[in-house]
Amino acid sequence: MWSKGFTIILWLFLTHLGGVYLYTRGFLLTRLALSETNSCSPEACPFPPSYSKAIVLIIDALRFDFVAPNPPVPPSPFHHNFLRLPAELSQSQPDHSLLLYAFPDPPTTTLQRIKGLTTGSLPTFVDMGSNFGGSSILEDSIIGQLRAHGKRLAFMGDDTWMTVFPDAFGNMSWPFDSFHVEDLHTVDEGVIRHLFPLLREEAKTWDFILGHFLGVDHVGHRMGPDHPNMKAKLEQMDRVLRDVVEELDDDTLLVVLGDHGMDSKGDHGGDGALETSAALWLYSKTRPLVNPEVDIPEHYRTYRTYPNAPVPHRSVQQIDLVPSLSLLLGIPIPFNNLGTVIPELFWTDHAGERFSNAVRANAAQIKRYLDTYRGSSAGGELDDAWEGLQKHWNAVNALNGSLKSIGLDTFTRVALATCRAMWAQFNVTVMSLGLTLIVSSAFAAWAVYAKLGSLQEDWESWSEQTTWTCTKWSTVGAIIGLSVYFATVPFIKVAGLLDCVVFGAFMASSICLVSNNRTSITQSFHISSIPLPLVLHTLAFMSNSFTFWEDHLTTFLLLSSIVPFVLIGFTAPTPRLRYRVLGFSALFAVCVRLIGISTVCREEQQPYCEVTFFASSAITAPPILVLILSIPCAIGLPLIVKRFLNISQADKGIAGILLPLIFPSVLLQSTVAWLLEWLESADALGPTWSPVLRGARTVLAWLSIGGTLLICASLWYHVTLCIEVKSREVAGKREVTVIGFANLFGSSFLMFWLISFSLIYVATQLTGQVILCISAVALLSFLEVVDSVRDIRGMDIAFSSGKPSTLLEVDGTQSHTASVGLRFSEITPLALLGVHTFYGTGHQATISSIQWKAAFVLTAKMRYTTSIITVLLNNFGPFFLFALAIPLLALWNTAPLPHPTSASNARRLGVRAASGLMLYYGTLLIGSAASSAWLRRHLMVWKVFAPRFMLAASSLLVVDIAVLLAVGVGMSRVEAGLNRLLGAMPTMNKGVKEKVP
Amino acid sequence: MSRNTTPRSTKGTANKTASNESVPTAQPDQRTNNTHSQPFFPFARYTSIVGVHTSLLSFTALFLPRTSLSSLSQGLFLSLNNPSDDSSRDSPPPTLTESPLRTVAWLCAGTFILQIWWAGWVRGWSLDTRDLSKGGAALERTEQKLQRQTWNSGRFAAFKTACLLTAVASFFFAIVALLFGAPVFSHFLQTYLLGLLVALLTVFTPAYTLGAPSFKTDIVSLVTRLTWIRLFAEISPRSPVERAVVYPAVGAFLGCWSGAIPAGLDWEEPWQRWPLTTSYGALGGFVIGSLSAFGVSALENLANFDRQSRVSMSPSGSAHSPQGKGSKKLKSQ
């Protein structure tokens, strides 16, 4: 396994790993979502509730200046001074109304803000917990606490809430589609229609109403804030609020807020000053809410000036609402909360007794949260800040009286700042280190690719020597990184010890590798050698449209990448070659287009996309056509492969057993298992059959995997070669005929590939299985195209060399791979085919498109090992398969003679193809990482760019592992098999049955 | 001004070429029938015709679908369109983006008429080139005339062949567009019209000029087939007339291909609707290709003329060798 060329690929893989690790650490903000909840104790709920009911009205994107008493100068004629009610009431009834300027934490998207507003925590991209896939909140939240305390909840408005709290609102929920930005009124009118009947009820059937208006946000998105529609919308909201205030009773608290602001164009999502300016207004009709008489120390009160506003306004963090509202309603503060109680709401007596109780409960809750987080598996994130927090806490607890309150208040703010630094800030330094490493690893892959093209027999010594040099330089680099870390750590602290060491080690060895081989790089570079599909594919990640239409893009690029082959096909000197190239290209193109038809459509592709992977967008059952095709596909594919191998008469040896018998049965078992799954979920046979079906499909899936591993894999591992050796006595001499020699490498490696294929087949849904079959046909046709094009090139070389008679020699046309070499344009279609099949098998570059059904292939219940393995196979199978197939470019129709030279050459080209593929996926990673770094404050970053980066990073690593397996196991075993064969027949009379050129 | 002087000089070149066999050949390779030493190059006519043709194509692209003539078809195509598309039915001048189907249909119609004219002219040019190459020093005028007559009488047959081949190619290109990602379940007519437009732009002229490629084994079919392969698979035109055929075709293909790229952006612009971007890309590519073919041929012609004038000025040939070699090398690359 540690054979020639393997180590250099391994080193490239480690470099990728280092780059991805660093970049991810800086970019992907993660947080462990703790599932603990708080309950009411005298300490946690220090005083009885002030209000028994509350109405929270969220006006999406209600920016602070829309309601500000002193709007910016000059005021806008479209959105200032129209929603006057909060300012008016704060003026006329200062003890009943509190208007605040709230700071919502970026990303300022509705889903993240809903999470923040209910849990009081900071939003991160991945809230890791038990619900990785879904977006529902399983943390402690206000909503959860209200339900736990027997409050009756009603909800109307933006349906995002239903995905976040799927079952919190019972039958009093009226969600409306939030996706139609074009529609300005449906949601608002729906909210109004359902809100007022509840308000006017004589005997209230609710304790908590949540209304979420979307009109202001939609006007912003569609027309921007400076549009007459915004004026109309704000006036409508003003009327609604006046009506609500009219209907309000004594015991009800009204909270009106914007979940985030909007920028000057009306969009939001980033951390711009306007996007992070939201309004927050609390109002109590009869009972006093605040006491304007008391003198709250300045320490507690922060002010912020809205851009261009004449005076600063009292400002709070938006999540401060969470502890304040909790305590006002007499429920415990949610466990994960990081907000601080708003002093005005509790400082009602002159001594501020009530407030000090509140802040004590608040600080204790935050301390408890920090302690729990510290003790959790992610506690290491707090390493740097922990000591300071502990000191602060101990110091505060030694204080007394009003100083203690101040100290506790400061402690909550310090905790918030610590967590914000930990979760909500990109570490740009580490990100750039990672990006630099990713870029340099691409250059290193290029260097390996270019160098292996120019080397001949001496490549093995070069690869050993390079591995040694890389190891040496990584050590040097690691030491440099270490010393830089210790030299700078007293002054600045941006990157951790591990970051510095990883960066130093891989950077130094990459630089060394690239600079040692810079001549090969410059020599291999021509204008015409620029791979246009790769360049376009990489640049596409700079645009959100191209990123979410990437499935269509790959069809286009794949077809474009086959055009040069077709053009060469026309120039073929013999009709046979011409028909082969054109015919197989056409087959390839049709397969690619068929794969492209299958899609699950991502949300952003609507309304221009129709789900074809499933029967419809609402039903996750396969379409009828797929049900019909699935069994013929499973049985037919091995036979088609056999037919392809028959072209070079390589369907002998173990291929003669595996292809017609074992693979069809194994694939059929997988298909039937999924057909049973369809029957089970369609409930076609009634519930009594369900356990039977479940059991049957579990057994079938296990049989399929077992058959693949026990029969196919072990047979291949020991016999390996697809070759038939006949010997007979002719006139006293023994004559040995070897059939299938011309494609010995290719056919034997293909069996290895098919083993992985059938493993992935088990984990793939029915439509995906059909697509996988089509993609396998595409792969084989492409290999035939490449082979024929090489024949054409080889003939051209032979003709132009002036000695066309070389074509007639035994291995004249066969070993073109040696003379014609391997081109990057041959790697591109395979790389694209991997991406294309990924999309065709019902995946998208979104987390929500992960097919969780695959977790239950082998077991009825979620089991950590098998479920994760099958989901991974399902998700990354396509990338894995086509990366595993990459050595076929070097092996297909390569005869293993003359013996050691041909094998060594095939191996060199196999390693070269592998490094080329790593270069392709590495460049894609550069594209997506650079775009998500550059656009990290873009509106779409968490929806489009970050998921695509995650896909690019994980698919690169999968591709790396696949090529390592292909080179380390596949190619090595084939070579070992060949050595055995030739060793067994030292004086073999090689009656090689040639492929007809 | 230069237009008045160049024809004479061009003719002079041609005559000189015919008489002077020692001038280095434009292409050293002699696989096909290009045994003539210098391609015939009607500079002035070419200039004017390329100019008119490309401007008329641009007119077709930008104005024809909006003219009142085209509103004749409005009733026909509106019925085929989505009802949501005809919001501006009453406004008198139809816009280009209002109904992509109608726009592209008019593009095809306009292009067809222009291509007939253009292909006829290119065919005549190609004929002149052959006449010169066959007639050598232009001695057998009568035979030439005879040939020309048969050539002219074959015009109708050639036109029929060209139309037939274009029709076949239009389906082929529509299928190619489908493979490249055109909608599979809808917009068939739009995709077909794109195929037709591309076929008109790329296939019609060469088919009319060269004849249809066939797989017959006789020598004429073989030569035709090899010429097609050389021109469109190897993309190596050898004379101005071939360049005038190949460059626009390649331009149209590339333009059509790159036209698909902006269609994917989420700008929701009306001009992004299928198949407007690709159609306009193809037309634009054709115009650019045609102009660049003209530019390259004109430059080459000027260089030839310059070299020959030097040769004639210094008959010893001392000045000729470096220049001639240079240009020869340049071409053989």
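How do the residues of the lining of the largest cavity divide into nonpolar, polar and charged? The legends below take up this view first. The model is predicted.

**View 1. The largest cavity is lined by 12 nonpolar residues, one polar residue and no charged residue.** About 120 Å³ of space lies inside this cavity. Its lining is built from 13 residues. Closest to the centre are Val56(A), Leu117(A), Thr118(A), Leu321(A) and Leu325(A). The structure as a whole holds 13 cavities of 30 Å³ or more. Rolling a probe the size of a water molecule over the atoms shows where empty space is left.

**View 2. Cys40(A) and Cys45(A) are joined by a disulfide.** The two sulfur atoms lie 1.7 Å apart. The S-S torsion is about -100°, so the Cys40(A)-Cys45(A) bond is left-handed. Cys45(A) is buried, at 15%.

**View 3. A disulfide links Cys601(A) with Cys609(A).** From S to S the distance is 2.0 Å. The torsion about this S-S bond is about -80°, so the Cys601(A)-Cys609(A) disulfide is left-handed. Cys601(A) is buried, with a relative accessible area of 12%. Cys609(A) is buried too, at 11%. Over all chains, a search of the whole structure finds two disulfides. With bonded cysteines counted along the chain, the pattern in chain A is 1-2, 3-4.

**View 4. Cys712(A) has its closest cysteine sulfur in Cys722(A).** A disulfide needs the sulfur atoms within 2.5 Å. Cys712(A) is buried, at 0% relative accessibility. Another cysteine of this chain, Cys500(A), is also buried, with a relative accessible area of 15%.

**View 5. Thr224(B) sits in helix α9 of chain B.** This helix covers residues 219-233. Thr224(B) is buried, with a relative accessible area of 12%. Which residues does Thr224(B) contact, leaving aside its neighbours within four places in sequence? They are Leu210(B), Gly211(B), Ala212(B) and Pro213(B).

**View 6. Chain B has 12 helices and zero strands.** Read along the sequence, its pattern is α-α-α-α-α-α-α-α-α-α-α-α. The chain has 333 residues, and 45% of them count as buried. Take the contacts in chain B with a separation of 6 or more: residues 24 or more positions apart account for 75% of them. The accessible surface of chain B comes to about 16,800 Å². Carbon and sulfur atoms hold 65% of that surface.

Terms used: Residues are numbered from 1 along each chain as its sequence is written. Chains are lettered from A and ligands numbered from 1 in the order in which they are written. This is a predicted model: local features need pLDDT of at least 70, side-chain atom pairs count only at pLDDT 80 or more; totals for chains, interfaces and linings use all residues. Side-chain values use heavy atoms; hydrogens and water are left out. Helices (H or I, at least four residues) and strands (E, at least two) are DSSP runs, numbered from the N terminus. Buried means under 20% relative accessible area, exposed over 50%, partly exposed in between (1.4 Å probe, protein chains only). Contact means heavy atoms within 4.5 Å. Accessible areas come from the Shrake-Rupley method with a 1.4 Å probe; for residues, only the protein chains shown count as cover. On a 1 Å grid over the protein atoms alone, a cavity is a set of points where a 1.4 Å probe fits but cannot get out, and a pocket is an open set with protein on both sides within 12 Å along at least five of seven lines; lining residues have an atom within 4 Å of a point. Grid points are joined across faces, edges and corners, and a volume is the space filled by probe spheres set on the points. Ala, Val, Leu, Ile, Met, Phe, Trp, Tyr, Cys and Pro count as nonpolar, Asp, Glu, Lys and Arg as charged, and the others, Gly among them, as polar.
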